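Please keep the sequence and the structure in view while reading.

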Amino acid sequence: MAAPGGARRQPLLLLLLAGLVHSASAVFVVQDGNGTACIMANFSAGFFTNYNTKSGSENVTFELPSNAEVLNSSSCGKENVSDSSLVIAFGKGNTLTLSFTRNATRYSVQKMSFVYNLSDTQFFPNASSKEVKTVTSATDIMADINKKYRCVSSNQIHMKSVTVTFQDTTIQAYLSNNTFSKEETRCTQDEHSPTVPPTPPHPSPTLAPESPAVHTYNVSGANGTCLLANMGLQLNITYEKKDSTTVTGVFNINPNKTHVSGSCTAQKVTLELWSESSTFLVFQFGMNASSSRFFLEEIQFNRTLPDAKTPTFQAANGSLRALQATMGNSYKCNAEEHIQVTKAFSLNVFKVWVQAFQVEGDKFGSVEECQLDENNMLIPIAVGGALAGLVLIVLIAYLIGRKRSHAGYQTI
């Protein structure tokens with residue numbers, strides 16, 4: 001690929017010497033007309049999006065395939081004329097493009113674009129449309145000139161209906177020595193976690209993290225707000241590791257690192273959460289018109305587990321009947337609730353307060369307490385009643401005893 005903008009895979013020997021071979025990562029190189037590398041990138045990437053099928057909206061997650069290739073339309077750019085770009089293609093007409101720009105001291109991925117072909121049945125089975133869609137977004141990927149950008153942590157780029165999650169990322173544009181620089185600029189995510197290991201940590205099966213942060217999520221449609229949900233979320237995932245041992249990981253959803261979206265229809269309300277480690281969590285609320293009640297009827301879940309035999313963990317259950325309340329009212333539970341989705345996946349919900357469909361004035365309606373809270377209220381009442389009864393018995397016994405003692409004395 002000696003033509004300008006040409007590209008090739010970096011020879012394995014050079015990658016081994018550079019210490020950049022990772023089982024879940026791919027390495028891409030853009031060269032100029034002389035065969036000199038001007039862009040190098042080494043990362044793993046996961047994609048999430050949704051699309052329409054004849055049976056309704058479908059959510060899909062997939063990884064950047066190992067056979068993805070750099071296109072010749074990639075470019076080293078020309079000073080003051082055009083910017084550098086890395087164009088990665090996979091499947092039938094799907095491309096991920098990183099467009100670079102620089103100034104005197106820094107370079108950055110100024111724009112990221114993803115073009116996806118809904119007629120590609122490998123990634124979008126049963127799509128009702130065959131159109132090719134394009135989404136773009138600015139990014140926070142930047143580094144000092146003559147330094148590589150390094151980010152071990154997950155970094156999510158949200159592009160309208162598509163989220164791309166990068167992990168264990170090394171990128172450098174405007175190379176001066178035909179390979180990655182030894183010096184690096186760390187991403188802000190790593191700076192906040194200076195001891196980040198090469199793969200996300202998995203907690204011991206016997207040790208659970210502290211309670212998750214409680215956050216308010218809302219979903220709005222053409223007719224206003226259709227969902228208010230105040231809750232903390234904790235995931236319980238049982239899976240088989242690469243060494244064939246079975247573990248249960250407990251993970252909190254961090255609202256500060258979560259992208260929220262959703263949809264409203266007359267019969268369904270959907271809350272979609274994209275979080276760290278390619279985590280995708282969907283809540284779908286339904287309603288029973290005859291009883292005028294709403295309820296959580298479906299949970300869908302996907303997460304990347306790098307140490308698992310099957311790295312992409314998936315779970316779904318569309319026959320739930322949780323978090324129920326009368327239409328126009330809200331469901332509230334201060335106690336921790338446990339929702340079993342599948343045998344291998346369950347959800348702990350903390351301090352939940354939720355209302356779906358009929359939300360007036362963006363405020364919660366009248367509260368319907370959960371059974372757990374009612375039971376918790378009955379316990380102190382029962383204990384208090386028992387103590388009061390005990391005090392009454394002691395008082396009666398004392399009075400009877402005192403009366404008998406007086407009766408035992410005779411006047412002389």
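## The link of C226 and C264

Which residue does a disulfide join to C226? The partner is C264, with an S to S distance of 1.9 Å; a disulfide here is a pair of cysteine sulfur atoms within 2.5 Å. With -70° about the S-S bond, this link of C226 and C264 is left-handed. C226 belongs to strand β16 (residues 224-240) and C264 to strand β18 (residues 259-264), distant parts of the chain 38 residues apart. Strands (E, at least two residues) and helices (H or I, at least four) are DSSP runs, numbered from the N terminus.

C226 is buried, at a relative accessible area of 6%, whereas C264 is partly exposed, at 27%. Buried means under 20% relative accessible area, exposed over 50%, and partly exposed in between (1.4 Å probe, protein chains only).

## Basis of the model

This is a predicted model, in which local features need pLDDT of at least 70, side-chain atom pairs count only at pLDDT 80 or more, and totals for chains, interfaces and linings use all residues. Residues are numbered from 1 along each chain as its sequence is written, and side-chain values use heavy atoms, leaving out hydrogens and water.

## Two right-handed links

C151 and C187 are joined by a disulfide (S to S 2.1 Å). The torsion about their S-S bond is about 70°, so this disulfide is right-handed. Both C151 and C187 are buried.

The sulfur atoms of C333 and C370 lie 2.0 Å apart in another disulfide. Its torsion is about 65°, so the link of C333 and C370 is also right-handed. Both C333 and C370 are buried.

## The overall pattern

The count comes to four disulfides. With bonded cysteines counted along the chain, the pattern is 1-2, 3-4, 5-6, 7-8.
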